[in-house]
Amino acid sequence: MFTFTASCLRKLPELCHKHYVSRTCVKASSRLVLGIETSCDDTGAAVMDETGVVLGEFLHSQKEVHLKTGGIIPTVAQQLHREHIAHVVQEAMNRSGVTPGQLSAVATTVKPGLALSLGIGLHFSLQFVRQHSKPFIPIHHMEAHALTVRMLQPVAFPFLVLLISGGHSLLALARGIDDFLLLGQTLDEAPGDTLDKVARRLSLTKHPRCSRLSGGQALELLARDGDRSKFTFRTPMGQHYDCNFSFAGLRNQVTMVIRKQEQVEGVEPGALLSCVNDIAAATQHTIASHLAKRTHRAIIFCKAKALLPTSNPTLVVSGGVASNQYIRKALTLITDTTGLQLLCPPATLCTDNGVMIAWNGVERLRAGKGILPFDQEVSYEPKAPLGVDITADVKEANIKLPPVKLNISD
């Protein structure tokens with residue numbers, strides 16, 4: 001059986017802690033960036049110096065509101081952002097001890113994400129930079145996720161990155177701060193979205209252990225006590241030799257099994273099934289397997305094309321779903337097999353937050369890239385690709401994977 005011993009995950013919390021220090025430790029001459037995040041359902045802000053030290057941060061989560069409504073309603077998310085963004089930013093500034101006049105720039109997520117949510121963050125930020133005459137740095141949300149690990153330790157370009165969350169799923173090669181090659185992406189829905197929808201269909205908010213957990217957290221918790229062999233789901237896209245993802249078909253498979261089990265147990269939809277742990281375990285394993293296989297193909301492709309360094313090649317995994325320990329273990333089996341180092345930010349930095357946006361702003365400020373004057377017009381983009389799309393090249397390579405057994409123990 002596989003025992004998870006990835007040293008990177010033991011070290012990262014310590015590395016992260018080093019970047020949260022008293023503001024008195026920061027030199028007055030350091031350039032400072034305010035980061036603002038409102039791409040989905042969390043309102044986040046952070047103030048950071050150019051070395052990556054977090055001087056102050058604050059986050060307002062909408063999770064409990066959306067749990068009650070059974071999913072994120074864009075107009076509700078928009079209203080909550082509108083109500084809280086001024087307080088969130090002010091609190092981050094207060095905690096940092098920094099005044100607006102001391103800031104060197106403001107970095108804000110402008111793409112991709114929920115249009116109504118992005119609009120609140122952008123509108124507030126443009127008002128802020130114009131009021132205080134500060135440069136503005138528009139941020140690509142997925143770029144920020146990809147670069148967060150560089151705040152914690154010096155990861156050199158190029159490296160492979162897997163970004164998995166409630167709204168996104170993609171594989172890319174990071175060659176620079178704003179230089180990415182897109183190897184694969186989801187063709188329908190993201191893994192976090194699938195996990196949430198399965199959890200809702202299983203009515204996990206009624207489960208005594210899951211009432212305050214997100215769908216993904218609930219499934220991961222219940223899966224620990226489940227037997228994944230009780231149900232068999234087909235891993236998506238088995239005959240497609242590329243690095244794209246698809247999760248909608250898997251969700252349909254799970255829904256059909258749930259309906260069948262409801263009939264077997266004689267319960268109405270919405271009731272908790274006795275086999276809920278087993279369904280959770282099988283669903284989680286199939287998602288982990290799909291992610292692992294597509295990542296394995298991306299590694300083989302990058303090695304064949306000499307896109308990764310021969311010394312210490314790295315896979316960075318980030319986004320909300322990267323917090324799932326079972327999925328991390330599956331990916332560790334792949335990196336162990338292929339000789340890559342796996343790096344994952346701590347769970348608090350995998351989910352959306354102002355720190356990662358501030359860090360992306362720091363990276364761009366250092367490099368002098370994408371820095372706009374305060375009076376320039378900027379638009380948000382709900383849909384925005386990351387980098388140069390070479391998914392067709394990956395498909396053309398037609399790489400068939402060698403077998404790897406995903407024997408994962410909790």
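## Model and confidence

The model is predicted: local features need pLDDT of at least 70, side-chain atom pairs count only at pLDDT 80 or more, and totals for chains, interfaces and linings use all residues. Residues are numbered from 1 along each chain as its sequence is written, and side-chain values use heavy atoms, with hydrogens and water left out.

The average pLDDT (the predictor's confidence in each residue, from 0 to 100) is 91 for the protein. A score of at least 70 is reached by 93% of the residues. Residues 1-18 have a pLDDT below 50. Beyond near neighbours in sequence, that stretch has 31 contacts in the model. Contact here means heavy atoms within 4.5 Å.

## Overall build

The protein has 14 helices and 11 strands. These are DSSP runs, numbered from the N terminus: helices are H or I with at least four residues, strands are E with at least two. The radius of gyration is 21 Å, close to the 22 Å that the globule rule gives for 410 residues, so the protein is as compact as a globular protein of that length. That radius is taken over C-alpha atoms, and the rule is 2.2 Å times the number of residues to the power 0.38. Along the principal axes, the C-alpha atoms fill a box of roughly 65 × 50 × 35 Å.

Of the 410 residues, 55% count as buried. Buried means under 20% relative accessible area, exposed over 50%, and partly exposed in between, with a 1.4 Å probe and protein chains only. The accessible surface is about 17,300 Å². Carbon and sulfur atoms hold 51% of that surface. Areas come from the Shrake-Rupley method with a 1.4 Å probe; for residues, only the protein chains shown count as cover. Among contacts with a separation of 6 or more, 76% join residues 24 or more positions apart.

## The mixed sheet and strand S6

An open sheet is formed by 6 strands in the order S10-S9-S6-S7-S8-S11, with mixed pairing. Its edge strands are S10 (341-343) and S11 (388-389), each of which pairs on one side only. Two strands pair if DSSP finds at least two bridges between them.

Strand S6 (residues 159-164) has 6 of its 6 residues buried, so it is largely enclosed by the rest of the structure. In a regular strand the side chains alternate between the two faces of the sheet. Phe159, Val161 and Leu163 point one way from S6. Leu160, Leu162 and Ile164 point the other way.

S6 has two partners in the sheet order, S9 and S7. With S7 (residues 169-176), S6 pairs in the antiparallel sense over 6 bridges. A hairpin of 4 residues joins the two strands. Leu162 has Leu171 as its bridge partner in S7. With S9 (residues 314-318), S6 runs parallel, joined by 4 bridges. Val161 has Val316 as its bridge partner in S9. Leu160 stands opposite Leu315 in S9.

## Helix H9

Helix H9 (residues 248-265) has 18 residues. From first C-alpha to last it reaches 26 Å, close to the 26 Å expected at 1.5 Å a residue. The expected span is 1.5 Å times one less than the number of residues. Just after H9, Gly266 takes a positive phi of about 70 degrees.

The buried residues of H9 are Ala248, Leu250, Gln253, Val254, Thr255, Val257, Ile258, Gln261 and Glu262. They pack against helix H7 (191-201) and helix H10 (276-304).

His207 lies in the loop between H7 and helix H8 (215-223). His207 counts as buried, at 13% relative accessibility. Leaving out residues up to four places away in sequence, His207 touches Leu222, Leu272 and Val276.

Ser289 sits in helix H10. Its relative accessibility is 6%, so Ser289 counts as buried. Ser289 touches Thr235 and Leu406, again not counting residues up to four places away in sequence.

Leu152 lies in helix H6 (residues 149-152). Leu152 is buried, at 4% relative accessibility. Leu152 and Pro345 are 193 residues apart in sequence, yet 7.9 Å apart in space, C-alpha to C-alpha.
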